[in-house]
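Here is a briefing on one chain. Look over the sequence and the model before reading on.

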Amino acid sequence: MATTEKMLSTLNEKAQNHHYKQLWQKIQSKEAKIGILGLGYVGLPNAVAKAENGYSVIGFDLDEIKVEKVNRGISYINDVTQEELQKVVQHRYLQATDDFSQLKEVDVVHICVPTPIDKYKQPDLTYVENSSLSIASHVSKGTLVILESTTYPATTREYVVNALEKKGFLVGEDIFVAYSPERIDPANASFNVKNTPRIVGGVTEKCTQLALEVLGGEVRAVSSPEVAEMSKVFENTFRYVNIALANELALVCERMGIDVWEVINAAATKPYGFMPFYPTAGVGGHCIPVDPHYLSFKSKEYGFNTRMIDLANEVNGSMIHYTVRRILEILNNENKFLKDSNIVILGAAYKKNIGDARESAVYMLYEELSTLAANVSIQDNHVEVIKINDRIVEVENVNYEKIKEGDLVIILTDHDDVDYERVEKNAQIIFDTKNVYQSKKNSPTYYKL
């Protein structure tokens with residue numbers, strides 16, 4: 001009996017090592033086929049980077065328009081140039097499909113799907129769940145699955161591992177799972193998908209080692225997926241809380257008649273122990289205003305209330321109302337009534353030099369001002385439309401002649417392709433929420449947030 005058990009144990013170990021060694025060799029020789037689930041702001045740059053690195057890549061997305069554009073070499077992401085995409089597509093290193101059955105052909109799957117929050121600010125993991133089920137239904141033994149979407153701790157086990165185990169896979173033996181959060185900062189000229197350090201936590205040691213090998217570059221291994229998941233939500237919660245502190249400082253400085261931007265820039269001259277964060281009319285983007293809610297949600301399962309996050313939510317959420325109040329005061333100072341005024345919002349994207357308007361302050365600002373009967377228009381060279389409560393609002397390119405017609409111009413996004421000298425020359429009054437003009441002081445025609 002003991003001999004039989006020993007033989008079975010030896011056979012199991014050989015089987016485990018077979019899948020592990022085979023995939024390891026494929027990754028090292030670049031023979032492994034890579035699958036990218038989700039061809040958005042994270043997935044497409046990842047797909048192109050892997051293709052440029054010599055791997056054969058299949059991009060998966062339910063959006064037929066994205067699939068068609070990728071296969072035609074047409075980039076719709078700022079961080080991927082047309083030339084980069086066309087080169088890997090023409091050399092057949094990258095192709096896209098909406099046929100998820102082709103997952104059976106891949107050796108490594110990266111899940112790069114959205115993890116949004118709903119209107120109640122609760123995590124929505126529908127995309128992760130559906131991706132996990134698709135993978136479990138189609139992949140073969142010997143595949144590595146890496147979740148990259150930002151989420152709360154335990155998601156990798158609860159969704160990815162659970163789906164695979166229900167299909168009979170043995171994680172760490174005949175299939176491998178790890179978590180490595182994306183760290184893409186759109187339009188960042190210094191750091192991108194190729195040179196930003198990464199972290200990874202596998203379900204088992206073999207999972208971690210395979211993930212380290214396929215990710216390449218500067219990657220730090222941590223002890224578990226949960227550590228990696230927590231580290232990512234902490235990174236963005238850190239920024240969210242510090243933005244709230246900067247916003248609160250802005251409120252205090254306005255009462256005291258002090259320029260908050262000058263204060264922060266003065267503090268930033270300290271070479272240690274300080275990192276500058278700046279006030280804003282609203283925290284936007286796919287990460288910073290979303291991820292803290294994931295951490296807060298999960299913490300409640302353990303009977304813990306994240307008071308710092310809750311307070312940051314309160315402060316950051318109030319900034320749009322503060323912004324509207326300042327607009328009313330500015331117009332009143334000039335003997336103008338909001339309901340009779342033409343307001344030009346300059347900028348719809350959540351940050352400069354990109355076309356992404358997710359969670360941008362423009363939504364609430366436009367809605368608040370429109371509700372107060374103001375005539376509001378939006379200008380942005382990077383964004384074409386925004387959707388507010390199922391209503392499409394057109395966004396036009398920057399039009400300096402129309403700026404002349406505005407009673408007030410609100411600089412909401414500080415894109416580099418805007419001629420701010422011309423804006424200043426044409427605008428009657430400017431409300432600058434981004435400190436575009438820096439050393440300029442408040443005056444009857446210029447105000448800072």
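Helix α10 (residues 291-300) is largely enclosed by the rest of the structure, because eight of its 10 residues are buried. Buried means under 20% relative accessible area, exposed over 50%, and partly exposed in between (1.4 Å probe, protein chains only). Helices (H or I, at least four residues) and strands (E, at least two) are DSSP runs, numbered from the N terminus.

This is a predicted model: local features need pLDDT of at least 70, side-chain atom pairs count only at pLDDT 80 or more, and totals for chains, interfaces and linings use all residues. Residues are numbered from 1 along each chain as its sequence is written, and side-chain values use heavy atoms, with hydrogens and water left out.

**Helix α10**
- The buried residues of α10 are D291, P292, H293, Y294, L295, S296, K298 and S299.
- Their cover includes α6 (155-166), α8 (225-256) and α11.

**The chain overall**
- The chain has 14 helices and 15 strands.
- Its radius of gyration is 25 Å, close to the 22 Å that the globule rule gives for 449 residues, so the chain is as compact as a globular protein of that length. The radius is taken over C-alpha atoms, and the rule is 2.2 Å times the number of residues to the power 0.38.
- Along the principal axes, the C-alpha atoms fill a box of roughly 95 × 50 × 45 Å.
- Of the 449 residues, 49% count as buried.
- Among contacts with a separation of 6 or more, 66% join residues 24 or more positions apart. Contact means heavy atoms within 4.5 Å.
- The chain exposes about 21,800 Å², and carbon and sulfur atoms supply 50% of that area. Areas come from the Shrake-Rupley method with a 1.4 Å probe; for residues, only the protein chains shown count as cover.
- There are 48 positive and 61 negative side chains, and the centres of the two sets lie 3 Å apart. Lys and Arg count as positive, Asp and Glu as negative; His and the chain ends are not counted. Each charge is placed at NZ of Lys, CZ of Arg, CG of Asp or CD of Glu.

**Buried loop residues**
- T433 lies in the loop between β14 (430-432) and β15 (446-448). T433 counts as buried, at 0% relative accessibility.
- The T433 side chain reaches the backbone oxygen of I411 at 2.6 Å. A polar contact is a pair of N or O atoms within 3.5 Å; within protein, one must be able to donate a hydrogen and the other to accept it, and residues adjacent in sequence count only if both atoms are side-chain atoms.
- Leaving aside neighbours within four places in sequence, T433 is in contact with W261, P279, I410, I411, L412 and L449.
- V418 sits in the loop between β13 (408-411) and α14 (420-426). V418 is buried, with a relative accessible area of 9%.
- Not counting residues up to four places away in sequence, V418 touches L346, V398, Y400 and V423.

**Positive phi and a helix start**
- Most residues other than glycine have a negative phi.
- N335 is not a glycine, yet has a positive phi of about 60°. N335 lies in the loop between α11 (307-333) and β9 (342-346), and is exposed at 69% relative accessible area.
- Q438, also not a glycine, has a positive phi of about 50°. Q438 is in the loop between β14 and β15 and counts as exposed at 55% relative accessibility.
- At the start of α3 (residues 64-71), a side-chain oxygen of D63 reaches to within 2.9 Å of the backbone nitrogen of I65. Just after α3, G73 takes a positive phi of about 75°.
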